[in-house]
Amino acid sequence: MLCSVAMPAEYEVPAFHRPPPMRRPASLNLAVRVPVPAAPRRPCLVVRAGGEGEEAVVEQRQLEQPADLSPTRNKKRVVFADDAGRQLTHVKVMTEPSFAPPRWSMAFLAQVTRGAAAEVCPEPWEPAFAQPASDYLAFRSRLDRDNVSLENVIVREAEQVVVGTVKVRNLAFHKEVLVRSTSDDWATHEDTYCTFVRTSASAGVPVLYDTFSFRLVLPPQSRRLEFCVRFHCEGHEQDYWDSNGGKNYVLLKKNSPYNTSSNSVDDLTAKLAGLASSLAWGLRSR
């Protein structure tokens, strides 16, 4: 006999869920992490040809490289003279006494100087008189009284000449001005004619004085040059002279401070010999 059972509508069948998987505690994790070495970093400096930081970069890379792998490290090597076929000893025979300074041969001096020659400083020429135009009042008074006067002189050492100017009064149109010079105390003399110097003058203003220039060659074989000035003009039979009050104008060659006389050399040699002998005596007494 069949029978039906009515189920209440509110009845729900319970659902069975799967429990969550169990996790292993972190303390029981046996995996070990080993740190991986990082790759070496490259230097931040960049090598550039001809740059200012090239030396710093090379030095930094040399410090980073091991000493055995450094390309700039050279191996030292010792070679004896006999291995190269040379003598191990060199004997020098001293012929000079112990108290005398060493004497240098011409061959040794030529080897040291290598053909270089010392420049000889030329001896300067200097006027033995004051420039006439430096005192303008006296210069103007002498010019008005004697009609001629030396104005100034300049010594040109490079050209070995002396140049100067002469002032004369404008007494006539045609004039002749010359400088008479000597280098052997007037045993002989030479006349050098002066050249007229043009000056710009205002129109309508009379010219009272004219200027002439001259050029004298300095004598190479003498240490003294003496000269005076002669002035001659048309219509005047008399010649006018400027002889520096009868003393003439004198130029002298001065001794150069770099030139040493023979007496000074002898004195220096004697002093060196005395010093060497005293040093030798002191060494023997020890």
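Where is the place of Asn147? I found Asn147 in the loop between helix 3 (136-146) and strand 2 (148-156). Helices (H or I, at least four residues) and strands (E, at least two) are DSSP runs, numbered from the N terminus.

This is a predicted model, where local features need pLDDT of at least 70, side-chain atom pairs count only at pLDDT 80 or more, and totals for chains, interfaces and linings use all residues. Residues are numbered from 1 along each chain as its sequence is written, and side-chain values use heavy atoms, with hydrogens and water left out.

**Asn147.** I looked up its accessibility: Asn147 is buried, with a relative accessible area of 8%. Buried means under 20% (1.4 Å probe, protein chains only). Beyond four places in sequence, its contacts (heavy atoms within 4.5 Å) include Arg142, Lys167, Phe231 and Tyr240.

Next I traced an open sheet of four strands, order 2-3-7-6, with antiparallel pairing. Strand 2 and strand 6 (195-197) are the edges, each pairing on one side only. Two strands pair if DSSP finds at least two bridges between them. Strand 2 and strand 3 (residues 161-169) have eight bridges. Arg156 has Val161 in strand 3 as its bridge partner.

**Core.** Which residues of the largest nonpolar core touch the most other members? I noted Leu150, Val162, Val166, Val177, Phe214, Phe227 and Leu251, out of 25 residues. Strand 8 (224-233) gives the largest share, five residues. Such a core is a set of buried Ala, Val, Leu, Ile, Met, Phe, Trp, Tyr and Cys residues joined through side-chain atoms within 4.5 Å.

Methods:
Buried < 20%, exposed > 50% of the residue type's maximum accessible area, 1.4 Å probe, protein only.
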